[in-house]
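Let's take a friendly walk through a protein structure together.

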Amino acid sequence: MRIVVAMSGGVDSSVVAGLMARAGHEVIGVTLQLYDHGAAVGRKGACCAGQDIRDAKRVADTLGIAHYVVDAQARFRDSVMAAFADSYASGQTPVPCIACNQHLKFGDLLEMARDLGGEAMATGHYVRRLEGPAGAQMHQAVDESRDQSWFLAATTRAQLEFCRFPLGDYASKAQVRAVAAEMGLGVAEKADSQDICFVPTGSYAGVVEKFRPDALSEGEIVSEDGVVLGTHQGIARYTVGQAKRLGNAAAHMVVKKIEPGTRRIVVGPRRVESLEVRLRDVNWLIDAPEGGISAGVKMRARDSVHAARVVPQGSGAMLRLDEPALAAPGQAAVFYDGSRVLGGGFIV
Amino acid sequence: MYLDANATEPLRPEAAAAAVAAMGLANPASVHGAGRAARKMMEDAREVVARCFGAQPVDVIFCSGATEANALAVHALGAGRAVFYGATEHDCVRAAAPGGGVIPVLPDGTVDMRALEGLLAGQPGALVCLMAANNETGVRHDMAAAAALCARHGALLHVDAVQAAGRCREDWLGMGAASIAVSGHKIGGPMGAGALVVSAGREVMADLRGGGQELGRRGGTPALPAIAGMAAALGGGYEAARIAGYRDEIEAFCLRLGAVALGAGANRLVNTSCLALPGVRAQTQLIALDMAGVAVSAGSACSSGKVAQSHVLQAMGAGALAGQAIRVSLPWNAPPEVVPGFCGAYEAMAKRALHGRAGCA
């Protein structure tokens, strides 16, 4: 079978390429060039490709598979980085990895895989795809500490049908590294990637400043009854539920609301939890349950599971939580039935 | 199936033989007998190259390739002059003249002579760099007209003949050009040698002074095997009519499938076709053809292998097609089977990529 493997240059996707080649498939390795590395590190004359792209090419050479670098810079800038900044500017807390999966990996790249006559696309995500009676199902990875299903909840059923995630069955990353070493891949001991690849320094304010400088201009920190408690250096630096950077007057408080129009950060005593959470752009991996469905819900990447009732509403849904929980606008809420992903949407 | 001759022509057997014969020889600068034997081989090669371009042997400067030859021309001939280059010139020329002025091209890819005249009128005595044939489209400028324009305005003309050399007969020095850059591996020689050929007696200040080789115009021990191979390749002959026939057949077939041939209205190299398939990314086409065993190229690949948008096609005003074009360039030894072979692979690729897009232009 002809399989396109999304290769980032990391150990996970490298092993996936190796597994597919070993299984006798015709493997096409593709690395998306998401941003200009030379420009990102600010070194004049540096190549546009970073170490990750060179690593991916070496892995492909070692495995003896075809490999291509695809320019996805414009798409990444518009649909991930700019959207990331816009989200912060509107007082939300974005998840750029979901946008990248949605638009680039499972959008453009998957489309390209089809154009190339590929019969499937494999990635290095830690998640399982199981064949069910009504088509492919998405399940959490066997290694729960590595599970990435939350980041993949925007994957549509049609996309899921086309995808393969061989690492979801691995018990640990150590096992994956061992396979890489056995395959003779130079990346076997390579460090894990950053949380957000395009902010290697960990400070996302620079990205926001480039796309939305308005989101980094000064504003007021106010109490819920409108008393000004201090000033802040931009709403993009805050997330609902956050207790840091509020100053002495607002000590022991948390952010309850971010108002992009007035550039105000509204704070209050701890307890920002809610019982009802509205979601937009819900993607169902089962037939949308008309009367709602009981599920376990995660509202952050490393959240615990909250019991809830999920009721579809148009293209969105309403979450009714059994116990109040923190819901930050812009983050994803993903619904589970045990290990199975039922769907997910974005918190309004 | 190899259709990427503009990246490198397949090594000609006579070039390989000459290169092998030159391997292991002594340093041509040495004064002993072994050195003299090496030197003879190098001077023989110099005579062949000189004859081919209508120059005197002393005016042939061997170097590592076209990037170096073009840079040497820009630096040496452009010293103290304004430098202008065509909008579709190769990066090695554009990078050598960072402050250079750009001469626009017409939509068919040929240089805008009126614009050139305007530039020269404003800055007499400039250095003008133009390629005799474009690497991506095969488009050939009217070099005689450009040379005449330059002469009228006291300007020097440097000809980047990398793609044209060996494929079409044109006497650039006879037209009045000041210098010509050639590359060995683009004519079927080994990689690693090139030459800057200058008009009679023109002085050239070295970029690399080194040990004073090449009469002080290019330091460094010359790559004798590659140089001997380049000279042998120049004598290899080129069946232009046969290659043109294959190219035209391929192009006509692809046009019937909806492709657009960019630059086809101009005088072109006989082996090159720049084929845009509207709505299909160049990289997708390239990968699909590669997987079918057909080697072509697209745009200019950077060292990452990423296919960047072609500045050549953008300069021609190709718009979105600039990102949807592949370059098919037939090698000197293309067999007849290349026509049905390529056409079959192209048809399969185009039908799959365009499948399901009918109605959404």
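What follows is a tour of a predicted model, from domains to strands, a helix and a single loop residue.

**Domains**

Let's begin with chain A. Its domain assignment gives domain 1 (2–182), domain 2 (217–269) and domain 3 (274–347). The C-alpha centres of domain 1 and domain 3 of chain A are 25 Å apart. Where these two domains of chain A meet, 18 residues of domain 1 are in contact with 15 residues of domain 3. Two elements of chain A, strand S6 (135–140) and helix H6 (157–162), each give two or more residues to the side of domain 1 that touches domain 3. S6(A) gives the most to that side, with 4 residues. By residue type, this side of domain 1 of chain A divides into 8 nonpolar, 9 polar and 1 charged.

Chain B is divided into domain 1 (13–234) and domain 2 (240–354). In chain B, the C-alpha centres of domain 1 and domain 2 lie 27 Å apart. Their contact takes 20 residues from domain 1 of chain B and 19 residues from domain 2 of chain B. On the side of domain 1 of chain B that touches domain 2 of chain B, there are 7 nonpolar, 8 polar and 5 charged residues.

**Strands and their partners**

Next come the strands. Strands of a sheet pair through backbone hydrogen bonds, either parallel or antiparallel. Chain A has an open sheet of 5 strands in the order S3-S2-S1-S4-S7, with parallel pairing. Which strands are at the edges of this sheet? They are S3 (66–71) and S7 (163–164) of chain A, each pairing on one side only.

Here are some strand pairs from both chains.

| Strand pair | Sense | Bridges |
|---|---|---|
| S2(A) (26–33) and S3(A) | parallel | 6 bridges |
| S13(A) (293–298) and S14(A) (306–313) | antiparallel | 5 bridges |
| S13(A) and S16(A) (332–337) | antiparallel | 3 bridges |
| S2(B) (83–86) and S4(B) | parallel | 3 bridges |
| S4(B) and S5(B) (156–160) | parallel | 5 bridges |

You can find single bridge partners in the view. A:Ile28 has A:Ala66 in S3(A) as its bridge partner.

**A covered strand and a core**

Now look at strand S4 (127–131) of chain B, where 5 of 5 residues are buried. In a regular strand the side chains alternate between the two faces of the sheet. In S4(B), B:Leu127, B:Cys129 and B:Met131 are on one side, B:Val128 and B:Leu130 are on the other, and all are buried. B:Phe84 stands opposite B:Val128 in S4(B), while B:Leu127 has B:Leu156 in S5(B) as its bridge partner.

B:Val128 turns up again in the largest nonpolar core, which has 224 residues; B:Val128, B:Leu157 and B:Ala325 are those with the most contacts inside this core. Helix H9 (224–234) of chain B gives the most to the core, with 9 residues. In soluble globular proteins, nonpolar side chains tend to be buried together.

**A helix in chain B**

Helix H3 (66–78) of chain B has 13 residues and reaches 17 Å from its first C-alpha to its last, close to the 18 Å expected at 1.5 Å a residue. Is H3(B) mostly covered or mostly open? Mostly covered: 10 of its 13 residues are buried, including B:Ala69, B:Leu72, B:Ala73 and B:Leu77. After H3(B) comes B:Gly80, with a positive phi near 75°.

**A buried arginine**

Our last stop is A:Arg212, in the loop between helix H8 (205–211) and strand S8 (219–223) of chain A. Why does A:Arg212 count as buried? Because 20 other C-beta atoms lie within 10 Å, and 20 or more is the cut-off for buried. A:Arg212 and A:Ala82 are 130 residues apart in sequence but 8.1 Å apart in space, C-alpha to C-alpha. Not counting residues up to four places away in sequence, A:Arg212 touches A:Ala85, A:Asp86, A:Tyr88 and A:Ala89.

Note on methods
Residues numbered from 1 in each chain as written. Chains lettered and ligands numbered in written order. Predicted model: local features only at pLDDT ≥ 70, side-chain atom pairs only at ≥ 80, totals over all residues. Expected span 1.5 Å × (residues − 1). Buried ≥ 20, exposed ≤ 12 C-beta atoms within 10 Å, placed from the backbone. Domains from an automatic or database assignment. Contact = placed C-beta atoms within 7 Å. Nonpolar A, V, L, I, M, F, W, Y, C, P; charged D, E, K, R; others polar. Core = buried A, V, L, I, M, F, W, Y, C linked by C-beta atoms within 7 Å. Pairing = 2+ DSSP bridges.
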